[in-house]
Amino acid sequence: MPLSIRQDSTYAGGDRWRWSVWLDGPPEELDSIDHVTYILHPTFHEPVREISDRSTKFRLETSGWGTFRIRANVAYKDNRQASLQHDLVFVYPDGTPTTA
């Protein structure tokens, strides 16, 4: 299974969402990662965030109001690098998806 970004989200009301992203992949590959640098939309306070907690699969938790393409730079312990991207998708409680 290749490395990928997964997401979860909860509608907070007022067109705002609590959401998180993390890496999904084989345990041995996750174990070989030093940290992940997530690049959020430039409107975020601190749009570049580094996560090094392997126990959470490098989970980033935040909130916002809109969808966008999140990017992740994966830094391995052996100095390799990988780049990933994921389009955030939010769905209202009635099942209606948000629009970008």
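Colleague: What percentage of the 100 residues of the protein chain counts as buried?

Modeller: Of these 100 residues, 38% are buried. The term means under 20% relative accessible area, while exposed means over 50% and partly exposed lies in between (1.4 Å probe, protein chains only). This is a predicted model, in which local features need pLDDT of at least 70 and side-chain atom pairs count only at pLDDT 80 or more, whereas totals for chains, interfaces and linings use all residues. Residues are numbered from 1 along each chain as its sequence is written, and side-chain values use heavy atoms, with hydrogens and water left out.

Colleague: Which residues have the most contacts inside the largest nonpolar core?

Modeller: A nonpolar core is a set of buried Ala, Val, Leu, Ile, Met, Phe, Trp, Tyr and Cys residues joined through side-chain atoms within 4.5 Å. In this model the largest one has 23 residues, and W19, L23, I33 and Y38 have the most contacts inside it. Two or more residues come from each of β2 (16-24), β3 and β6.

Colleague: Which residues does L23 touch, apart from those up to four places away in sequence?

Modeller: A contact requires heavy atoms within 4.5 Å. L23 touches L3, S4, I5, L30, I33, V36, Y38, K57, F58, V74 and L84. For the protein chain, 52% of the contacts with a separation of 6 or more join residues 24 or more positions apart.

Colleague: How many helices and strands does the protein chain have?

Modeller: Helices (H or I, at least four residues) and strands (E, at least two) are DSSP runs, numbered from the N terminus. This protein chain has one helix and seven strands, arranged along the sequence as β-β-α-β-β-β-β-β. Its radius of gyration, 14 Å, is close to the 13 Å of the globule rule for 100 residues, so the chain is as compact as a globular protein of that length. That radius is taken over C-alpha atoms, and the rule is 2.2 Å times the number of residues to the power 0.38. The C-alpha trace spans about 45 × 25 × 20 Å along its principal axes.

Colleague: In what order do the four strands of the open sheet lie?

Modeller: Strands of a sheet pair through backbone hydrogen bonds, either parallel or antiparallel. Here, pairing requires that DSSP find at least two bridges between two strands. The four-strand sheet has the order β4-β3-β6-β7 with antiparallel pairing. Its edge strands, β4 (48-51) and β7 (81-87), each pair on one side only. Within it, β3 (residues 33-39) is joined to β6 (residues 69-76) by six bridges, and I33 stands opposite Y76 in β6. Seven bridges link β6 with β7, where R71 faces Q85 in β7.

Colleague: Where is N79 placed, and is it buried or exposed?

Modeller: N79 lies in the loop between β6 and β7 and is exposed, its relative accessible area being 67%. These two strands form a hairpin with four residues between them, and N79 in the turn has a positive phi of about 75 degrees. The C-alpha atoms of N79 and T62 are separated by 28 Å, the residues being 17 apart along the chain.

Colleague: What is the strand order of the open sheet of three strands?

Modeller: The order is β1-β2-β5, with antiparallel pairing. The edge strands β1 (4-13) and β5 (60-64) each pair on one side only. Nine bridges connect β1 and β2, with Q7 opposite V21 in β2.
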